Amino acid sequence: MTKDTTKTHIVYKKKDGTIVAGVTTILGMLDKPALLNWAWELGTRGLDYRKVRDKAASIGTIAHYLIECHLMNEKPDLSDYTPNDINKAETAFLAYLDFEKKYHLQIIQSEFPLVSEFYGFGGTIDCYCKLDGKPALLDFKTSSGLYPEMRCQVAAYQNLLIENGHTVEEVHLLRIDKETGEFNHHTFKDLQLEWELFKLLAKAYPLKKILWKK
């Protein structure tokens with residue numbers, strides 16, 4: 001499977017052709033104090049946060065790509081990446097394989113876009129599967145921590161699946177540390193508050209676009 005590094009973000013459209021924002025774009029309206037603290041700390045160490053950020057993004061992209069290829073039973077093409085980045089990403093990928101050994105995972109569909117006709121947003125599901133026999137949403141993150149916006153994100157994905165006719169009994173988030181390879185498995189039983197917040201953001205996003213154009 002060839003990784004298209006020039007690929008733009010997916011354009012989500014309702015049935016009438018109306019373009020709608022994606023989940024991550026909408027969540028971009030949230031303040032992220034952890035990122036500001038991280039950038040400040042790097043600055044005190046004489047590091048350019050933009051270079052560190054881009055490096056981490058590359059490793060995270062590769063790790064996610066390796067998981068995607070594994071789920072689709074396709075061979076990855078890593079020719080565009082450096083050996084060092086590949087090694088770190090493979091550490092994260094091995095952590096995912098350790099997780100997979102502990103649970104019976106049956107893939108239904110992976111990396112597929114959905115659109116909410118009712119709420120007017122779109123999103124791409126990492127993995128819709130049966131986990132130990134239960135229909136589940138499985139989302140992958142290669143980050144240093146678990147943040148509130150991640151819970152809002154999977155809440156939006158969960159409701160995207162449900163609106164489009166898919167049963168979701170469990171929501172799982174697998175966070176993989178791209179430096180150490182350690183993974184943390186989070187299961188969410190109740191994401192109602194996160195979903196309520198996301199709905200408000202989805203409603204506010206078009207208004208923000210109009211105001212910012214004035």
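Colleague: In which sense do strand β3 and β4 pair, and over how many bridges?

Modeller: Strand β3 (residues 105–116) and β4 pair in the antiparallel sense, over ten bridges. Two strands count as paired if DSSP finds at least two bridges between them; strands themselves are DSSP runs (E, at least two residues), numbered from the N terminus. This is a predicted model, in which local features need pLDDT of at least 70 and side-chain atom pairs count only at pLDDT 80 or more, while totals for chains, interfaces and linings use all residues. Residues are numbered from 1 along each chain as its sequence is written, and side-chain values use heavy atoms, with hydrogens and water left out.

Colleague: Why is strand β4 called largely enclosed by the rest of the structure?

Modeller: Ten of the eleven residues of β4 (residues 121–131) are buried, so the description applies. Buried means under 20% relative accessible area, exposed over 50%, and partly exposed in between (1.4 Å probe, protein chains only).

Colleague: What makes the pair of phenylalanine 118 and tyrosine 119 edge-to-face?

Modeller: Rings of Phe, Tyr and Trp (its six-membered ring) pair if their centres lie within 6.5 Å; planes under 30 degrees apart are stacked, over 60 edge-to-face, and the rest tilted. Here the centres are 4.8 Å apart and the planes at 80°, so the pair is edge-to-face.

Colleague: Why does phenylalanine 118 count as exposed?

Modeller: Because its relative accessibility is 65%, phenylalanine 118 lies above the limit of 50%. Tyrosine 119, at 33%, is partly exposed.

Note on methods. Helices (H or I, at least four residues) and strands (E, at least two) are DSSP runs, numbered from the N terminus.
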